[in-house]
Amino acid sequence: MSLVVLAVDDEPPALDELAYLLNADGRVAYVHRAGDATEALRVLRDTEVDAVFLDIRMPGLDGMELARILRRFAHPPAIVFVTAYDDGAVDAFDLGVTDYVRKPVRAERLGESLRRVAGLRSAPAPAIAPDEPAIPVELAGTTRMLPRSSVRWVEAQGDYARLHTADASHLVRVSLATLAERWANAGFVRIHRSYLVQLRLVTELRLTNSGYVVAVDGVDLPVSRRHTRELKDRLIRAAKHDWTR
């Protein structure tokens with residue numbers, strides 16, 4: 001598949017390097033360039049592209065704001081953030097980005113992003129639903145997009161949070177309080193100042209000598225006294241909903 005892409009960066013050397021690396025990949029047919037978000041929108045007004053490789057921190061309309069605009073397109077392009085920072089990961093949760101690449105950009109890492117873009121364009125249904133938030137996580141030096149539905153429970157670790165899946169865990173730079181607020185409508189419930197769980201995966205709530213615990217994937221997690229009543233109510237309501245469906 002031949003891809004038409006748009007590279008957006010307000011720093012000319014970084015834009016030149018990104019465009020060079022994209023052009024060097026055999027899957028790319030043409031690379032448009034834009035020095036800021038306004039110029040990018042002018043390009044997109046006249047040209048249909050398969051993907052936008054986008055810096056986040058730019059003057060004026062920044063990369064996150066541009067990405068939100070692109071999501072409202074009738075046929076939105078794939079979005080790949082290319083940034084020197086990891087603090088944009090929190091806002092990327094809600095955008096369903098295809099990939100999140102850290103600068104300095106390596107050719108093989110960019111090739112992985114292009115493979116994902118090509119896969120989205122050729123596959124009848126992507127592995128991650130377009131409307132499902134995907135979380136950038138580091139794995140063996142590579143940034144991967146982890147679908148939120150794979151997260152079973154979350155553990156606070158200072159200003160970071162550790163996301164636990166069925167077979168691994170990932171540390172991300174976002175607070176547990178932020179995730180609790182953003183993921184409340186997706187069924188995640190705060191059970192403790194240090195824990196957030198996916199309610200539908202709770203298989204047991206029981207009282208121990210040290211207080212209540214819940215079981216998720218065979219792991220016992222503590223429930224604080226202040227969250228016990230709300231958790232019981234949520235579990236009862238969820239069970240009643242399942243009975244009456």
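**Close-up views of a predicted model**

**View A. Val202 meets its partner in strand 14.** Val216 of strand 14 is the bridge partner of Val202. The model shown here and in the other views is predicted. Strand 14 spans residues 211–216, and six bridges join strand 13 to strand 14. The two strands run antiparallel.

**View C. Helix 2 packs with helix 3.** Their axes come within 10 Å and cross at roughly 20°. Angles under 35 degrees count as roughly parallel. Helix 2 and helix 3 are therefore roughly parallel to each other. Their crossing is right-handed. Helix 2 makes the contact through Ala37, Ala40, Leu41 and Leu44, and helix 3 through Leu66, Ile69 and Leu70.

**View D. The largest nonpolar core has 23 residues.** Leu6, Val8, Val52, Leu54, Ile79 and Phe81 touch the most other members. At least two core residues come from each of strand 1 (3–8), helix 2 (37–46), strand 3 (51–54), helix 3 (63–71) and strand 4 (78–83). A second, separate core holds 21 residues, including Leu18, Val101, Leu110 and Ala118.

**View E. Leu54 and its contacts.** Leaving aside residues up to four places away in sequence, Leu54 touches Val8, Gly63, Leu66, Ala67, Ile79, Val80, Phe81 and Val82. One of these, Leu66, also takes part in the contact between helix 2 and helix 3.

Notes
Residues are numbered from 1 along each chain as its sequence is written. This is a predicted model: local features need pLDDT of at least 70, side-chain atom pairs count only at pLDDT 80 or more; totals for chains, interfaces and linings use all residues. Side-chain values use heavy atoms; hydrogens and water are left out. A nonpolar core is a set of buried Ala, Val, Leu, Ile, Met, Phe, Trp, Tyr and Cys residues joined through side-chain atoms within 4.5 Å. Buried means under 20% relative accessible area, exposed over 50%, partly exposed in between (1.4 Å probe, protein chains only). Helices (H or I, at least four residues) and strands (E, at least two) are DSSP runs, numbered from the N terminus. Contact means heavy atoms within 4.5 Å. Two strands pair if DSSP finds at least two bridges between them. Axes are lines fitted to C-alpha atoms, for helices over the stretch in contact, and angles run from 0 to 180 degrees between N-to-C directions. Angles under 35 degrees count as roughly parallel, over 145 as roughly antiparallel, 65 to 115 as roughly perpendicular and the rest as oblique. A crossing is left-handed if the near helix is turned anticlockwise from the far one by less than a right angle, and right-handed if clockwise.
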